[in-house]
Amino acid sequence: NGNPYPAAINIEAFLDLNAKDNEVIDGTVYFWTHATAAENGKFSESDYVTYNFVGGVSGIENLEVDENIGSGQGFFVRALKADKISFNSTMILEGSNNQFFKGTQKKGGVEKDRLWLNLKGSDQSFKQILMGFDDKATDQMDNGYDAIYLDGGRSLGFYSLLNDQKLAIQGLGAFESSKKIDLGFNVAIDGLAMTLELGRVEGVLEEAEIILIDHELGIMHDLKQNA
């Protein structure tokens with residue numbers, strides 16, 4: 001698919017029509033970033049920006065994702081029905097065309113109750129996940145709020161877990177201080193040093209404690225203090 005208009009369109013307006021109202025698609029949009037060169041003629045699925053109602057994550061450090069689709073920008077969605085997806089003029093952002101993924105650094109717009117976690121490898125690999133809290137979501141799988149993790153087979157993988165489903169973005173119900181989220185990772189290179197850090201927080205998470213429980217080492221670590 002691609003944005004057919006000569007201006008940017010709002011991603012959430014697109015998802016409102018195609019995912020929330022009609023459930024024609026899974027409510028997640030994937031954009032190609034050209035972050036890494038092909039290996040043996042195959043590009044990496046890790047190089048997709050992932051976006052839904054919670055927000056966006058990318059495989060590029062410091063690339064923060066805006067809530068629009070630039071004119072002519074191609075993207076992927078996962079079909080739930082055979083129906084065609086729909087566009088209309090209410091999605092258009094007048095005078096705006098400020099997101100086209102070619103490695104540009106952008107900053108996301110609307111503040112929500114959410115946090116980004118980054119996992120970095122000593123080989124310069126980078127993975128990012130997002131967790132957000134919204135009273136329109138639940139703690140189970142929700143179309144438009146939970147985004148399936150694409151495993152590109154690179155040296156480093158990072159995701160949250162919900163009922164054994166790997167997620168790049170996990171949307172949960174309204175925030176509670178006792179909320180716990182399971183995390184997972186995979187490493188394809190022996191001896192790869194990894195650093196897990198808090199990338200960014202918004203909304204009520206700015207005042208909340210964010211504690212990483214390391215079951216391997218048996219420690220509880222405050223991610224707001226350091227990585």
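D164 sits in the loop between β9 and β10. Its phi is positive, about 70°, although D164 is not a glycine. The loop between β9 (156-162) and β10 also holds N163, a residue other than glycine whose phi is near 55°, again a positive value. N163 is exposed too, with a relative accessible area of 58%. For background, most residues other than glycine have a negative phi.

Before going further, a word on what you are looking at. This is a predicted model, in which local features need pLDDT of at least 70 and side-chain atom pairs count only at pLDDT 80 or more, while totals for chains, interfaces and linings use all residues. Residues are numbered from 1 along each chain as its sequence is written, and side-chain values use heavy atoms, leaving out hydrogens and water.

Now step back to the whole protein. Of its 227 residues, 44% count as buried. The accessible surface comes to about 11800 Å², and 47% of that belongs to carbon and sulfur atoms; such areas come from the Shrake-Rupley method with a 1.4 Å probe, and for residues only the protein chains shown count as cover. Consider contacts, meaning heavy atoms within 4.5 Å. Among those between residues at least 6 apart in sequence, 71% join residues at least 24 apart.

Which of its residues are buried? They are I11, F14, L15, N18 and A19. Seen down the axis of α1, these buried residues fall within an arc of 90°, so they line one face of the helix; the arc is that of the directions from the helix axis to the C-beta atoms. In general, an α-helix has 3.6 residues a turn, so residues three or four places apart point the same way. The cover over the buried residues of α1 includes β1 (9-10), β2, β3 and β5 (68-69).

That leads us to the nonpolar cores, each a set of buried Ala, Val, Leu, Ile, Met, Phe, Trp, Tyr and Cys residues joined through side-chain atoms within 4.5 Å. The largest has 30 residues, of which I11, F14, L15, V29 and F31 touch the most other members. At least two residues of this core come from each of α1 (11-21), β2 (29-32), β3 (48-51) and β10 (165-172). The biggest contribution, four residues, is that of α1. Apart from this core lies another, of 17 residues, among them I129, F133, I210 and L223. As for I11, its contacts beyond four places in sequence are V29, F31, Y51, D66, E67, N68 and I69.

Charged pairs come next. The structure holds nine salt bridges, each a side-chain nitrogen of Lys or Arg within 4 Å of a carboxyl oxygen of Asp or Glu. One of them joins D16 and K20, with the closest N and O atoms 3.4 Å apart. Being four residues apart in helix α1, D16 and K20 are separated by about one helical turn. D16 is partly exposed at 29% relative accessible area, and K20 is partly exposed at 41%.

Another salt bridge links the side chains of R114 and E202 (2.8 Å, N to O). R114 lies in strand β6 and E202 in strand β12, so the pair ties together parts that are 88 residues apart in sequence. Both R114 and E202 are buried. Salt bridges that share partners also join E61, K120 and E197 into one network.

E202 has another neighbour to visit: E111 touches E202, G203 and E206, not counting residues up to four places away in sequence. E111 lies in the loop between β5 and β6 (113-121), and E111 is exposed, with a relative accessible area of 52%.

Terms used:
Buried means under 20% relative accessible area, exposed over 50%, partly exposed in between (1.4 Å probe, protein chains only).
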